[in-house]
Amino acid sequence: MKKPKLAIIGTGNIAQFHCEAFKKAGFIISHGAASYNSKNVESFCKKHEIKNIYSDPMKILKNSSEWDAILLSTPTKHNIDYIEEIFSINKPALIEKPVATNPQYLSKFKKNSHKNIRVAYNRRFYATTQRAKNFIEKEEFINARMELPEIVNPNKGYESVLLNSAHGIDLLNYLFPSLKILKNIHFENDQGRMVIFKTKNGIINLTMNWNSSSNFILHLEAKTLRLEMKPFEQCNIFKGMEVIEPTEKLPLRRYIPKKIESVSSFPSHDNLIKPGFYEQAMEIKSLLEGEEPKISASLYDAYIAQKFLRNILV
C-alpha cells in the first residue's frame, strides 16, 4: 500500500511535533504552507523534506487531489480563513485545538457534523487518560477533582484560558459525558474560578487556580481506590494506606497512600514523540482506511469546550 500524503498549513512550533508523529504513522509530508507572510516556511519544508511549498495556503486547498489528508496548525485566529474550504474538500483533516474561541461560530456544528474533521485535543490519547476512562467505567466512582492552573492577566482578557484551559475542559467532557454546571464561584480579584459540575457518575470539582505555582491535576475517587493524574502525563492508583512505624530518627507514625499501579505518557527512549500525537496521527490514518473515529475530538466537542469556558468566565 502506498504511503498516504499529508498536506500542512501552518509551520510553527506545534507543527514540528505533528510532522514527526505523522511520519512515524507512515505518512509522507508532501505539501506545506505557512500563514500569509510567514518567513519560516522554506526552512520548515527543507527540514521535513516537503517538496511542494506554497506561499499561499489556499493553493494547497485548490490542489487537494494531490494529497490524502491535511493538518491545519495555524494560529487559532486564522483557522476560520481555511476551515470552510477544508469542509468542502471532505478529506480527513486534523485541526489544532481549540479550532476557534467563539462558541457562536462553533455552535453550528452538531454531533455528527463533518466526521472526517478532527480536533487536536491530544491528551485524550494519553495512556493515563485511557486508564482514567477505564477506572470510571469499572470502579464504583464517587467524585472527581481537577486543577487547571494558567497564567492569566484579567486586565488583558482570558485568551490563555480559552486557548489552553480548553484541554482540561475537553478531558472532562471526554471522561464525563453530559456535564452540567451546578455552581460557578469567582475568586477574589478575579484570580480564578471554582466550578462544581454534575454528571451521571457523580460530582466534579474544578479549580481554575490562575497564576498558581501548581501543575495540572485530576483526582478520581472510587469506593476503595483513588486515581491521581499529576500532571496529566503521569497516573498513579492507590488502595489503602501504608503504615510506617516510628523510628529513632523520626519518632512519628506515618500513613502513606499505598500505590498499586502506575501509568506514564511521558516520552521514552522507545517513543520520543510528543505524548498523544502519534496515536492521534494513527486515528487520522484509520479514517483514510474507512474506519470511524474512536477517541479524537469532533467539531461538536470543540464547541462544548468553548461553551463551558465562556459560561465559566462570565
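**Exercise 1. Which residues in α7 and α9 meet? Describe how helix α7 packs with helix α9.**

*Solution.* The structure is a predicted model.

Step 1. Locate the helices. Helix α7 covers residues 159–175, and helix α9 covers residues 299–313.

Step 2. List the contact. On the side of α7, the residues are Val-161, Leu-162, Ser-165, Ala-166, Ile-169, Asp-170 and Asn-173. They meet Asp-301, Ile-304, Ala-305, Gln-306, Phe-308, Leu-309, Arg-310, Ile-312 and Leu-313 in α9.

Step 3. Sort the contact by class. The contact of α7 with α9 has 10 nonpolar, three polar and three charged residues.

Step 4. Two packed helices are described by the angle between their axes and the distance between the axes. For α7 and α9, the angle is about 115° and the axes are 9 Å apart. Angles of 65 to 115 degrees count as roughly perpendicular, and α7 and α9 are therefore roughly perpendicular to each other. The crossing in which α7 passes α9 is right-handed.

**Exercise 2. Describe the packing of helix α6 with α7.**

*Solution.* 

Step 1. Helix α6 spans residues 127–138; its axis and that of α7 come within 10 Å and cross at roughly 40°. In passing α7, α6 makes a right-handed crossing.

Step 2. List the contact. Helix α6 contributes Thr-129, Gln-130, Ala-132, Lys-133 and Ile-136, while α7 contributes Leu-171, Tyr-174 and Leu-175.

Step 3. Sort the contact by class. Between α6 and α7, five nonpolar, two polar and one charged residues take part.

**Exercise 3. How many disulfides does a search of the whole structure find, and are Cys-19 and Cys-45 buried or exposed?**

*Solution.* 

Step 1. Count the disulfides. A search of the whole structure finds zero.

Step 2. Examine Cys-19. The nearest cysteine sulfur to that of Cys-19 belongs to Cys-45 and is 8.3 Å away. A disulfide needs sulfur atoms within 2.5 Å, and Cys-19 is in no disulfide.

Step 3. Examine Cys-45. For Cys-45, the nearest cysteine sulfur is that of Cys-19, and Cys-45 is likewise in no disulfide.

Step 4. Decide on accessibility. Buried means under 20% relative accessible area. Cys-19 has a relative accessible area of 0% and is therefore buried. Cys-45, at 1% relative accessibility, also counts as buried.

**Exercise 4. Describe the surroundings of Thr-128 and of Met-146.**

*Solution.* 

Step 1. Thr-128 has a relative accessible area of 0%, so it is buried.

Step 2. List the contacts of Thr-128. Residues up to four places away in sequence are not counted; Thr-128 then touches Met-229, Phe-232, Glu-233, Gln-234, Cys-235, Val-263, Ser-264 and Ser-265. Glu-233 is 105 residues from Thr-128 along the chain, yet their C-alpha atoms are separated by 6.3 Å.

Step 3. Met-146 is buried, because its relative accessible area is 0%.

Step 4. List the contacts of Met-146. With neighbours within four places in sequence left aside, Met-146 is in contact with Gly-168, Leu-171, Leu-172, Asn-205, Leu-206, Thr-207, Ile-217, Leu-218 and Phe-232. Pro-98 is 48 residues from Met-146 in sequence and 20 Å from it in space, C-alpha to C-alpha.

How values were computed: Residues are numbered from 1 along each chain as its sequence is written. This is a predicted model: local features need pLDDT of at least 70, side-chain atom pairs count only at pLDDT 80 or more; totals for chains, interfaces and linings use all residues. Side-chain values use heavy atoms; hydrogens and water are left out. Axes are lines fitted to C-alpha atoms, for helices over the stretch in contact, and angles run from 0 to 180 degrees between N-to-C directions. Helices (H or I, at least four residues) and strands (E, at least two) are DSSP runs, numbered from the N terminus. Angles under 35 degrees count as roughly parallel, over 145 as roughly antiparallel, 65 to 115 as roughly perpendicular and the rest as oblique. A crossing is left-handed if the near helix is turned anticlockwise from the far one by less than a right angle, and right-handed if clockwise. Contact means heavy atoms within 4.5 Å. Ala, Val, Leu, Ile, Met, Phe, Trp, Tyr, Cys and Pro count as nonpolar, Asp, Glu, Lys and Arg as charged, and the others, Gly among them, as polar. Buried means under 20% relative accessible area, exposed over 50%, partly exposed in between (1.4 Å probe, protein chains only).
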